[in-house]
Amino acid sequence: MMSGRRFTLALAGVLLIAAALCLTVRNLRDGQRAGQAARQALEQMAQAEPEPAPEPAEEDPRPEIPAYILDPEMEMPAVDIDGTAYIGVLSVPALELALPVASQWSYDALKLAPCRYTGSAYLDDLVIAGHNYRTHFAGLKNLAQGDEVLFTDADGNRFCYQVIRTEQLAGTAVEEMEAGDWDLTLFTCTAGGKARVTVRCERTASPAAEDGGP
């Protein structure tokens, strides 16, 4: 007959397994909702019409210089979708991902889409955080050096990057996350949230080339 101690340990094991299963199911459900929210935001962003530019007084053969090149410190424009401001779309072809990026980081916003953690694409120091949902950033750990990453801002300006390296940082390593001369950083938590999978990227094209200039 099982002793009281062995019974207690066995019961504790069963409860731990049940809790793990419940957590897995909840994460899968949250991930599905997040994927649907991201798709809906992308559709609405595509339908949003930017404000028309003023008509020039006379025809000018020179290409228009994007505002962010003239003023890199300008705030990134955003599109409001159901009360959440989005600064653009992040695309990772190797992972078949296209996701909206919320302007401000918050726990509620992360349930909808990846968020700007800090920085700006215009100043080449953009850091984007995302949950490790399968529909969001779970695949970051699979990226390899040289993989392409694209970011298109709310005005349609495209920024091209390539992955330089992937590293794992402690969950409390805030300064290390923002350190270094990286043009783009993407990160997400590992299972259990003790560490952060961190992808470092560099720009691969000049602004003129990205915006269709000569």
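Is E96 buried or exposed, going by its relative accessibility? Let's work up to that and a few other exercises together.

**Before we start**

This is a predicted model, in which local features need pLDDT of at least 70 and side-chain atom pairs count only at pLDDT 80 or more, while totals for chains, interfaces and linings use all residues. Residues are numbered from 1 along each chain as its sequence is written, and side-chain values use heavy atoms, with hydrogens and water left out.

**Exercise 1. Classify E96 and D82 by backbone angle, location and accessibility.**

Step 1: recall the background. Most residues other than glycine have a negative phi.

Step 2: check the angles. E96 is not a glycine, yet its phi is positive, about 55°. D82, also a residue other than glycine, has a positive phi near 55°.

Step 3: E96 sits in the loop between β2 and β3 (97-102), and D82 in the loop between β1 (79-81) and β2. Strands here are DSSP runs (E, at least two residues), as helices are (H or I, at least four), numbered from the N terminus.

Step 4: apply the cut-offs. Buried means under 20% relative accessible area, exposed over 50%, and partly exposed in between (1.4 Å probe, protein chains only). E96 counts as exposed because its relative accessibility is 75%; D82, at 68%, counts as exposed too.

**Exercise 2. Trace the strand pairing around β6.**

Step 1: Two strands pair if DSSP finds at least two bridges between them.

Step 2: take one partner. Four bridges link β2 (residues 84-92) with β6 (residues 148-153) in the antiparallel sense, and V89 has T152 of β6 as its bridge partner.

Step 3: take another partner. β6 and β7 (residues 158-170) run antiparallel and are joined by five bridges; F151 is bridged to F159 in β7.

Step 4: inspect the turn. The hairpin of β6 and β7 has four residues between the strands, and G156 there takes a positive phi near 90°.

**Exercise 3. Summarise the protein chain as a whole.**

Step 1: count the elements. There are five helices and nine strands, in the order α-α-β-β-β-α-β-β-β-β-α-β-β-α from the N terminus.

Step 2: look at burial and surface. Of the 214 residues, 35% are buried. The accessible surface is about 13200 Å², 53% of it from carbon and sulfur atoms (Shrake-Rupley method, 1.4 Å probe).

Step 3: consider contacts (heavy atoms within 4.5 Å). Among those with a separation of 6 or more, 57% involve residues 24 or more positions apart.
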